[in-house]
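Student: I would like to go through this complex term by term. Can we start from the structure itself?

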Protein chains: 2
Amino acid sequence: MNESTHKRIYCTDATWVGRSDCARCGIRDLMLFSGLPETAFTSDLEPIDHFLFPAGTPLYQEGQDEGVIFTIRKGLIKLMALTEKGEQRIVRLAGAKSAIGLELLDAGNTYRHTAIAVGDADVCRIPVNTIDLLNARFPTLCDQIRQRLQDQLDRADEWIVNLATGPAKLRIANLLLFMLKHSTGQNDVFPMLGGNDMAAIIGASPETVSRNIADLKRQGVLEKVAPGRYRGDHAALEAMLR
Amino acid sequence: MNESTHKRIYCTDATWVGRSDCARCGIRDLMLFSGLPETAFTSDLEPIDHFLFPAGTPLYQEGQDEGVIFTIRKGLIKLMALTEKGEQRIVRLAGAKSAIGLELLDAGNTYRHTAIAVGDADVCRIPVNTIDLLNARFPTLCDQIRQRLQDQLDRADEWIVNLATGPAKLRIANLLLFMLKHSTGQNDVFPMLGGNDMAAIIGASPETVSRNIADLKRQGVLEKVAPGRYRGDHAALEAMLR
DNA sequence: CGGTAAATTGACTGCTCTCAATTTACGTGG
DNA sequence: CCACGTAAATTGAGAGCAGTCAATTTACCG
């Protein structure tokens with residue numbers, strides 16, 4: 001395999017930042033290739049590319065097979081799956097350090113979800129070929145992949161327990177706590193999801209979400225500090241769980 | 001490490017069938033050790049044991065660390081997690097060929113769930129030590145583990161989409177279809193779960209489950225053929241999803 | 001056969017969905 | 001900078017669904 005075989009269509013609607021130089025990646029220790037030597041990234045590998053996806057842009061679609069996985073450097077990606085009735089349900093929110101699209105590592109699989117950037121997202125796109133080759137050369141990579149999968153599984157179980165159980169009010173409190181926990185902002189300020197997204201996460205109608213959020217605002221548990229940014233009362237939210 | 005270090009307390013309430021002779025396992029091709037040579041199972045490994053768990057018996061408890069994982073030869077295991085309010089939610093049903101307790105492969109972890117046999121279950125208990133050693137010697141094992149984890153993740157996502165979305169009637173129809181799909185019985189006859197279990201699976205009250213099941217029986221979609229065994233009308237159930 | 005647990009059913013309350021009408025927010029182009 | 005159009009959020013009203021509490025029946029195990 002030579003350089004000329006390494007062409008790959010750019011992700012539609014995404015900004016291509018450049019070829020990723022994994023050997024000199026500043027955050028490699030946090031990412032999938034943690035533990036691999038700098039010399040691992042030889043030129044016979046299909047290249048890894050670095051993209052910026054603007055908010056609302058799809059990384060991939062359910063049922064497709066683009067032959068690439070993504071690691072998230074920064075931002076939030078929503079993973080959505082179709083209900084029998086054709087409605088979208090959000091089954092996971094993947095943040096920094098997560099790897100998504102790993103289902104393609106089993107030959108013949110297609111993407112299980114449609115992945116869409118919630119805010120602007122900063123990601124690396126890694127061909128499955130490259131993973132396979134590195135896997136064969138560096139057994140530690142498989143452990144890294146296993147840990148990312150285990151992490152996603154833990155998240156999925158939390159999702160079932162916290163966001164799919166009990167009355168809507170409680171599920172929303174859990175969701176807000178989840179967003180507080182995973183946001184990097186100061187002072188319990190976090191970027192609020194859209195109402196439709198929250199509805200698709202907890203499995204309720206947008207109206208029910210809106211009414212409950214409005215209640216929380218009236219109670220002072222939630223406070224708007226800027227368009228799309230809210231401050232949440234961590235203690236009050238936790239109290240709602242019991 | 002010698003034989004004397006290989007003592008391990010028997011699983012409480014389970015019947016010990018014997019040391020597993022993986023090299024001659026009749027179903028190894030279907031299990032976790034598929035792809036490993038017969039010579040892999042050397043005597044320096046902590047031994048793998050074969051157990052029968054009667055219905056209702058726990059394999060392990062959330063928060064513990066017994067240092068073993070399980071592969072399921074036959075039967076059904078329910079994985080339960082605690083809600084903040086102290087209620088049990090069933091997040092997964094693991095059947096034949098599944099491997100559970102894999103979270104222990106990351107050092108420092110404890111079991112994420114309480115695992116309980118639904119019917120009688122036939123399982124192999126594998127020390128994490130043994131997995132680690134085999135992993136170091138046979139890189140293909142890591143792929144097998146990755147595939148089991150991916151399988152569990154796919155199941156968890158299905159769970160969210162099918163069993164945690166929409167009105168109770170629809171979730172129950174999905175659950176019955178799930179049980180039909182994963183049962184080995186003939187003629188769409190399957191072992192019915194208890195009402196409390198079904199309630200803990202779809203996140204509803206036992207009364208709601210009972211009322212909906214009663215409706216389905218009156219409509220002829222469900223038919224009792226023996227105590228604990230029902231026949232389900234596959235087509236009628238599918239029709240309820242649209 | 002008795003005791004306990006599970007399942008069933010009723011009554012009632014409260015929650016959530018749907019449909020609909022407004023209001024608000026936001027990006028576009030004048 | 002403002003006007004506009006579209007999409008999202010908010011709020012109301014009504015119907016139906018689901019939770020709780022309670023009583024009763026059924027099933028099951030020793």
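What follows is a short exchange on contacts and the terms behind them.

Tutor: This is a predicted model, where local features need pLDDT of at least 70, side-chain atom pairs count only at pLDDT 80 or more, and totals for chains, interfaces and linings use all residues. Residues are numbered from 1 along each chain as its sequence is written, chains are lettered from A and ligands numbered from 1 in the order in which they are written, and side-chain values use heavy atoms, without hydrogens and water.

Student: Why is the pair D157(A) and R92(B) called a salt bridge?

Tutor: A salt bridge needs a side-chain nitrogen of Lys or Arg within 4 Å of a carboxyl oxygen of Asp or Glu. Here the N to O distance is 2.8 Å, so the pair qualifies. Between chain A and chain B the count is six salt bridges.

Student: Which elements of chain A give two or more residues to the side that touches chain B?

Tutor: Strand 5 (77–82), strand 6 (88–94), helix 2 (140–163) and helix 3 (168–182). Helix 2 gives the most, 16 residues. Helices (H or I, at least four residues) and strands (E, at least two) are DSSP runs, numbered from the N terminus.

Student: What makes R211(B) a polar contact of DNA strand C?

Tutor: The term asks for a pair of N or O atoms within 3.5 Å; within protein, one must be able to donate a hydrogen and the other to accept it, and residues adjacent in sequence count only if both atoms are side-chain atoms. A side-chain N or O atom of R211(B) is 3.0 Å from a base nitrogen of DNA strand C, so the contact holds.
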